[in-house]
Amino acid sequence: MAASPVPGGGGAGAGAVHSSRTSGFAFDPGLEIRTRSVEQTLLPLVSQITTLINHKDNTKKSDKTLQAIQRVGQAVNLAVGRFVKVGEAIANENWDLKEEINIACIEAKQAGETIAALTDVTKLNPVESDGQITILTDKTGVVQAARLLLSSVTKVLLLADRVVIKQIVTSRNKVLTTMERLEKVNSFQEFVQMFSQFGNEMVEFAHLTGDRQNDLKDEKKKASMAVARAVLEKGTMMLLTASKTCLRHPSCDSAHKNKEGVFDRMRVALDKVIEIVTECKPNRETDSSSVSVFTGIKELKLNIEALRENLYFESKDNLSAALEVILERVEDFTDSAYTSHEHRERILELSTQARTELQQLTSVWMQAQSRKTKSAAEELELTILRVSHSLNELRKELHHTALQLAADLLKFHADHVVLKALKLTGVEGNLEALAEYACKLSEQKEQLVEACRLLRHVSSTEPLEITCLHAEETFRVTGRQIISAAETLTLHPSSKIAKENLDVFCEAWESQISDMATLLGEIRDVFHGRRGEKYDHLSLPRPMKNNSNLKSSKPDKLDSEEQARIAKLGLKLALLTSDADCELEKWGDQENEIARHGRSLSRMAYSLYLFTRGEGPLKTSHDLIHFLEVFAAEGLKLTSDIQSFSKQLKDDDKLMLLLEINKLIPLCHQLQTITKTSLQNKVFLKVDKCITKIRSMMALVVQLLSLCYKFLKKVENNRWVSVTNKDATDAKT
């Protein structure tokens, strides 16, 4: 898709688009960057001064030390001078803050000059007989100057921050005003002119919010900002096609409903940005049900473990109430129509166990308060461990339930059959078929919304929770908008603009499906403590093979149809990596060679999926060749380990395993062959063939992991039976 005026993307880490700013904007955004740069230079130097003067009063310093002190003092003064120039430039363009900024700049300048004067070696008199001199006799003066400097710099930075906030608020107001005018236009000519202005204002707003997002330290706020900007990015294109459809078909109710939905969501996103920037929360009570199950479990475990240090840290009623709140939220899983019977029974069993264990803890805890003996403390420790274990088991089961449901839904809806049917019925003008497929899409929407709700409960970080909420809202809103856009097209089957409008909303839906697959991987990685390990294999040295096949190292371009096919293949590959990860979760011994190579293949396949989205570390043809070589080699290592393992099996099991291995080995060799073929003018064919081949390999890997785990358990059980029988025989003897 073409780049839109507003940056963002599906994930919570969406970045800013670096196109040129509009010329009518008064304040230079580079001022904030320069201010930050000077601040980063200035503060370490002040720290150095503190270190240098923090010696005993009678310490004599050599020439080398004196020169070092003088250099630091001069460097601080120069940095202050640069900082003051930036501050004065900001003041000159913001008259309402000019006086405050100028006063702070004067204070900073005076402090810098004082530090330079007090650390100037040339003004000191060497009076000591040994050739050394005492410096900084007025240590108090230097400390006071340093404190004044830090205070004044902080004032300038805070005032500059107010300027940036004012810019963002002003920019948002301009966007809102233009949006209101856009909603009311009645002619194409007026709309084109107004939308051009709107686009320029959105570019300005995008740059300001992008810079702000990068500066945010709070990960929750950063994720919320990224989500709001993602809504604005996609909303801009939707606003264009929805408005054009309304102008083309002014009497069509579904077209107006479709457009109103876009404007409403964009207004909410704009308000969210201002809420984050100004730190002004709306006047509404905090909904306790919004806290996820994982967050509740984490807080409860911390409170329970605190009893080790302080028996009176918490009351028993508070702990019981906290567990009941958690179990109430767990009902989202047990009440869900999409939770399997097995998962529901297991969750209910673990919930009961957690309640029983906490009751036991309460009893032991009360005894420990009264007895205060070593045995009571040991019993309390064991009870705390049992409660923690039961909560961990509940947490693990909820995680597995949510991820399996989401993965199954993604797999089932990967082909977007309903969307294709809606497009076809629209072009045919078939109102009866429209009603049927609109009903199916609504059902699909409810399934995905429910999956996102459960995923939020098992997200271990606030940014992931926010991403889940965003996905839930996107499916809910976009689902309704697709139906209204399809209805408009069905009523006007020959309308090109109505067809284009439906395509835009369908693309947003498909994009969110793809983003959800990425989200599953991130949630799984955080749960297992593997954040950031997806790309370990890419840190290997890259061999310069097949250079004759490479014309350049620039990213390769595919047309829209090819991109769509590659994206579809990539999504199916992502689902297979999810299946592999589910199988790997069963393995208790994570250091087992089979499990280790299986996990490595899953991570690499996930990298290829990101490549199909234009994300991740794979960027060029060279990257792809290196990736294929490593993937094929890792596949052969897995087959070798499984062959070694098969020697422990009985004939039937061994034969079954070897038959599957013999399917995987040729695929590894074929992948190695693909890397040696010419890339010239065949980029799409090669990528298509690679993904198809790796999909086949991953399907076999999933099957092999399942078989190996099954046979491994059988081998372990046989050993246990053998040992037991031997012990029984020895006992009789």
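Select helix H8 (residues 293-305) to begin: at 1.5 Å a residue its 13 residues should span 18 Å, and its end C-alpha atoms are 18 Å apart, which agrees. The expected span of a helix is taken as 1.5 Å times one less than its number of residues, and helices (H or I, at least four residues) are DSSP runs, numbered from the N terminus. This is a predicted model, in which local features need pLDDT of at least 70 and side-chain atom pairs count only at pLDDT 80 or more, while totals for chains, interfaces and linings use all residues. Residues are numbered from 1 along each chain as its sequence is written, and side-chain values use heavy atoms, with hydrogens and water left out.

**Around H8**

Stay on H8 and colour its buried residues, which are Val293, Phe294, Gly296, Ile297, Leu300, Lys301 and Ile304; buried means under 20% relative accessible area, exposed over 50%, and partly exposed in between (1.4 Å probe, protein chains only). They cover an arc of only 160 degrees around the axis, which puts them on the same side of H8, where the arc is that of the directions from the helix axis to the C-beta atoms. Turn to the face of H8 that points away from this buried side, and you will find the exposed residues Lys298 and Leu302. What covers the buried residues of H8? The cover includes helix H9 (316-334), helix H10 (341-371), helix H11 (374-412), H13 and helix H15 (496-527).

**Into H13**

Next select histidine 457, which lies in helix H13 (residues 431-457) and is buried, with a relative accessible area of 1%. Leaving aside neighbours within four places in sequence, histidine 457 is in contact with Val291, Ser292, Val293, Phe294, Arg329, Asp332 and Phe333, contact meaning heavy atoms within 4.5 Å.

**Charged pairs**

Side chains of opposite charge can pair when their charged atoms come close. A salt bridge is a side-chain nitrogen of Lys or Arg within 4 Å of a carboxyl oxygen of Asp or Glu, and by this rule the count comes to 28 salt bridges.

Select arginine 267 and aspartate 264, whose side chains meet in a salt bridge (3.6 Å, N to O). Being 3 residues apart in helix H7 (residues 253-278), these two are separated by about one helical turn. Arginine 267 is partly exposed, with a relative accessible area of 22%, and aspartate 264 also counts as partly exposed, at 44%.

Move to H15, where the side chains of aspartate 503 and lysine 499 form a salt bridge (3.5 Å, N to O); the two residues are 4 apart, about one turn of the helix.

Then select lysine 714 and aspartate 653, which meet in a salt bridge (3.0 Å, N to O). This pair links distant parts of the chain, with lysine 714 in helix H20 (residues 683-732) and aspartate 653 in helix H19 (residues 651-675), 61 residues apart.

**Confidence**

Finally, colour the model by pLDDT, the predictor's confidence in each residue, from 0 to 100. The mean pLDDT of the protein chain is 79, and 79% of its residues reach 70 or more; confidence is lowest in helix H1 (residues 30-53), at a mean of 54, and highest in H13, at 95. Over residues 284-289 the pLDDT is below 50, and it stays under 50 over residues 532-556. Where pLDDT is low, the predicted coordinates should not be read in detail.
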